[in-house]
Amino acid sequence: MEEKKEILGETYEPGKPTEPYNWRKKIKGRDEMLRYLAASERYWYSKEWFGSEKRKNPA
Amino acid sequence: MSEKSADNSMGPLIDKAKADKAEICWDRLDEQSPQCGFGKLGICCRICAMGPCRIDPFGEEADCGVCGATADTIAARNFARMIAGGAAAHSDHGRAVAELFIAAAQGKAPGYEIKDEQKLLQVAMDFGIPVENRTIRDIALDIGKTALSQFGQQEGELLFVKKAPLKRQAVWKENGVTPRGIDREIVEVMHRTHMGVDQDHRNVLLQGTRCALADGWGGSMIGTELQDILFGAPVPVIGKVNLGVLKEDEVNIIIHGHEPLLSEMIVNVAQDKEMLEYAKTKGAKGINLAGICCTANELLMRRGIPIAGNFLQQELAIVTGAVEAMVVDVQCLMQSLPIVAQCYHTQIITTSPKAKIPGAIHIEFSERDAPGSAKEIVRRAIDNFPRRKGKPNIPKEQMDLIAGFSHETINYLLGGKFRGSYRPLNENIINGRIRGVAGVVGCNNPKVPHDELHVAMVKELIKNDVLVLQTGCAAIACAKAGLLLPEAAKQYAGSGLAEVCEAVGIPPVIHMGSCVDNSRILIAAAAMVKEGGLGDDISDLPVAGAAPEWMSEKAISIGHYFVASGVFTVFGVTWPTLGSQALTKTLFEEYEQTFRGKWAFEPDPVKAAKMMIEHIDKKRKALGIDKARERVLFDMQKRRELGS
């Protein structure tokens, strides 16, 4: 006989969020903020990226 | 549904206004009709006292003014002055923010503080201000002073210009339109369009272009960025929209205009326990704040404050009889508000020394005592609650929406904390799930059915897998129609766009803020270019812009800085240069050669959407991403061959 499997439901809480999703609070302290800017806003604040203005393989 | 509006809340209130003998904008439009045909075509000149002059568009009577100015010159002057008016409005907003910012940094503006250190660091780096081992206040003071200096700068380039793609900066340099200083470009438009100065329509337009760029990449951007530092960069927030957000048993205060400086403080005061207790002594159960126009968008984006409506709902909000006070700051305020309010109990309170209205109460905003001004306003509203004339007539219509999509939030949502990125957006454009991106922004105009054009255009775009970015009254219109909810993707979007929206958890229509926040769309476009895969310039991107219900000079300035940034932009309602074939040709055709962006006019929103989609497809073809490509899985041998 096949073993009965437990089905997991949604892993999120039902309903509408009442608070804003403040992802910026996850980034704490000036060093981490500067690191985040260098990585995520790299187009303007870092040289460590490739894109249309800094191509890995020139067109 | 009323023929005047696509919004079901409007018809009964328009009828009520008539019954209450409150004259509203549609009545005044009837009284103004037929409107001046020369003015509509842009060929009426009242710049000097030899006039007013007008040019016969049919070529049968006068073909130039008393001074000899032709239809081309007159239309170009009028158009450039519209840009200057719009740029001045946005930029003076930016200046007011910079002044408050400096006062806050100096500790001279009680109640205000720097809320977003990360954005502070970001703007400091944009301005080349050192941050290492410096306090928040020291950095902020330098940012404020540098921002303020951008207005009076006489030479060089505005600092935010360098955020644009390099190729775009080169286009501006080639055409001599890189903005030097914000005020300088506005002043030069006014000088060159004075009687007897610049009489070459192309040359007049070039200065108009420089002025518009000083708005988008200058004054507006300063407004947005400094407000983000002061009040927090927007993050996703759930909100409510439409007149149904007014509450029968609470003190309703409406905040209307564009500068959120005092309103931010009113939000704090309205939540104050002492004020809530005071409201109860007057028979109210609480204090309910709601917004109209862009002050509403600012407070929604950062504080989740509900929006009562957009531009054409300002008078009807009063007609509900439920509004104790309407607090206004600057821009898009109808002078009729105190007259409509006479039929009800609403108090109209002006707060800016730049914007007073006869019949309104004036409580001036001072950064030195903003909490004091806010308390006085809220107290007045509470005192007015018992003066309601009978049972209010609040429509039941209201809708949920998700707002708060700053550039920073989009970047985070697409890439996460480790490495925010526009890569997933670009990849989904390249693989064709998303056909392109459109900015649909701007006002309402009683000449066309309220909200109907916004909603029809946006539905057509998302149906065709075009992701829509919105600001201003356009965003409020689509929010009321339920398009700013993630579930709208399933209901209205094409299968490709719906798939991406579902995966990321975003609506197919993204609310990016107020009208100064169109600068966020510029930054998003620059980020898409820099990320790679979609060309080297904004003009290479499969994107388009529109303002189907525009009415203000600010809309012309916004449209023109998008065109000058390389975006195909189509406006509805009416077009103010049609009296000059040459100027219209310059804007609709020649600018595609010089600035690789151009204007178009199409009053039918669905036809306009199809024009945008056609443009997007043209750009996709130029990028070589117009056809689905077979995905080839490379084995090790093929990879080795690649390397050899």
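Start by colouring chain B by domain: domain 1 is 53-231, domain 2 is 243-387 and domain 3 is 416-623, with bounds taken from an automatic or database domain assignment. Before going on, note that this is a predicted model, where local features need pLDDT of at least 70, side-chain atom pairs count only at pLDDT 80 or more, and totals for chains, interfaces and linings use all residues. Residues are numbered from 1 along each chain as its sequence is written, and chains are lettered from A and ligands numbered from 1 in the order in which they are written.

Next, select domains 1 and 3 of chain B. Their C-alpha centres lie 22 Å apart, and 39 residues of domain 1 are in contact with 35 residues of domain 3 (contact: C-beta atoms, placed from the backbone, within 7 Å). On the domain 1 side, α4 (71-105), α7 (166-174) and α9 (201-231) of chain B each give two or more residues; α4(B) gives the most, with 15 residues. Helices here are DSSP runs (H or I, at least four residues) and strands are too (E, at least two), numbered from the N terminus.

Cys36(B) sits in the loop between α2 (25-32) and α3 (37-41) of chain B, while Cys44(B) is in strand β1 (residues 44-45) of that chain. Among the residues Cys44(B) touches are Cys36(B) and Phe38(B).

Notes:
Two residues are in contact if their C-beta atoms, placed from the backbone, lie within 7 Å. Lists of a residue's contacts leave out its neighbours within four places in sequence.
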